[in-house]
Amino acid sequence: HAAYQLYERVLEDPGLIGSRAEYWLPASDDVHNVIQGVVDRSLAEDDRVITDQALAWIESLEENGLIQSGFAWDLFLRNDSADPEVAGIFAGVIGSLLMLTVTLLVSLPLGVAAAVYLEEFAPKNTLTRIIDVNIRNLAAVPSIVFGLLALAVFIRVFGMPRSSPLVGGLALSLLVLPTMIIAARAAIAAVPPSLRTAALELGASKMQTVTKVVLPNALPGILTGTIISIAEALGETAPLLMIGMIAFVVDAPSGFLDPAAPLPVQIYTWSTSPERAFAAKTAAAIIVLLFILFLMNAAAIYLRDRVQKKW
């Protein structure tokens, strides 16, 4: 791939032809393995993936200080590639953001509305108890089941495009919706009944009491549950594999209907690649994913401590 980069550089500046210039290029997979010690240099030529001539070039470059190691900023700026030395996670991050946007827009209103109805308006009878049990059971269902449901409903029935952030976000909405309902109901139930009684005694209707008193006081718990649910969705891979998001996608998606490969799927793809250089890329992408999850959980803790009210 370095040859293509050099070719593009010459096209941008034809004056480089015939002149002497220093231009750093990424090392190939095989060269990376030799430098990192993965390939034993003492082996015979037939027993290693690199020739004696190429090995001599590598050693000559090392002696002249023309091989350097540094932080690979390109990991965050490039899209996926079959060449590990130039593969990046930019398209995967964009795909995950689009997918989580759909998940948030779908699951948050539905989850809060369902929690408000079940906690404030639904009669306490056998039907609501059955619904409550089913919601809690759905929260424990394996995630791949929601992927199968999304495949059957959104792709087979409604004909939505496979591998798109729209379908992926809807699949993850099915996954996180039970957890979000449970968290929202717990936050609503934690609001003291005296606040409801006071609002009703002052002449507020039931709906006004819920919208003006209950929901504002339950907001910290709802936000915390929402962020934790979205963080859970960010790390899911199994449902996305069922709807075809395992496809190799080079370009970053520009919309919700474009093919995309979210970051967890990209990590899975890299981890199963035969090229050894993808092992380092996989570890780096996992660290990025863990860092994003850490930030989301830290935001949930901050919001909880910042706006939580004590009674």
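1. Ala, Val, Leu, Ile, Met, Phe, Trp, Tyr, Cys and Pro count here as nonpolar, Asp, Glu, Lys and Arg as charged, and the others, Gly among them, as polar. On that scheme, the lining of the largest pocket holds 30 nonpolar, nine polar and nine charged residues.

2. This is a predicted model, in which local features need pLDDT of at least 70 and side-chain atom pairs count only at pLDDT 80 or more, while totals for chains, interfaces and linings use all residues. Residues are numbered from 1 along each chain as its sequence is written, and side-chain values use heavy atoms, with hydrogens and water left out.

3. A volume is the space filled by probe spheres set on the points, which are joined across faces, edges and corners. Of the 48 lining residues, Trp24, Leu25, Pro26, Ala27 and Gln68 lie nearest the centre.

4. Helices (DSSP runs of H or I, at least four residues, numbered from the N terminus) contribute to this lining: H1 (2-12), H2 (29-35), H3 (52-63), H4 (74-77) and H13 supply at least two residues each. H13 gives the largest share, six residues.

5. Leaving out residues up to four places away in sequence, Leu263 is in contact (heavy atoms within 4.5 Å) with Ile89, Gly92, Val93, Ser96, Ala285, Val288 and Leu289.

6. Thr128 is in helix H6 (residues 126-138). Thr128 counts as buried because its relative accessibility is 15%, the limit being under 20% relative accessible area with a 1.4 Å probe, protein chains only (exposed is over 50%, partly exposed in between). The Thr128 side chain reaches the backbone oxygen of Pro123 at 2.9 Å.

7. There is one cavity (a set of grid points where a 1.4 Å probe fits but cannot get out) of 30 Å³ or more. The largest cavity has a volume of about 50 Å³, and its lining comprises six nonpolar, two polar and one charged residues.

Definitions and conventions
On a 1 Å grid over the protein atoms alone, a cavity is a set of points where a 1.4 Å probe fits but cannot get out, and a pocket is an open set with protein on both sides within 12 Å along at least five of seven lines; lining residues have an atom within 4 Å of a point. A polar contact is a pair of N or O atoms within 3.5 Å; within protein, one must be able to donate a hydrogen and the other to accept it, and residues adjacent in sequence count only if both atoms are side-chain atoms.
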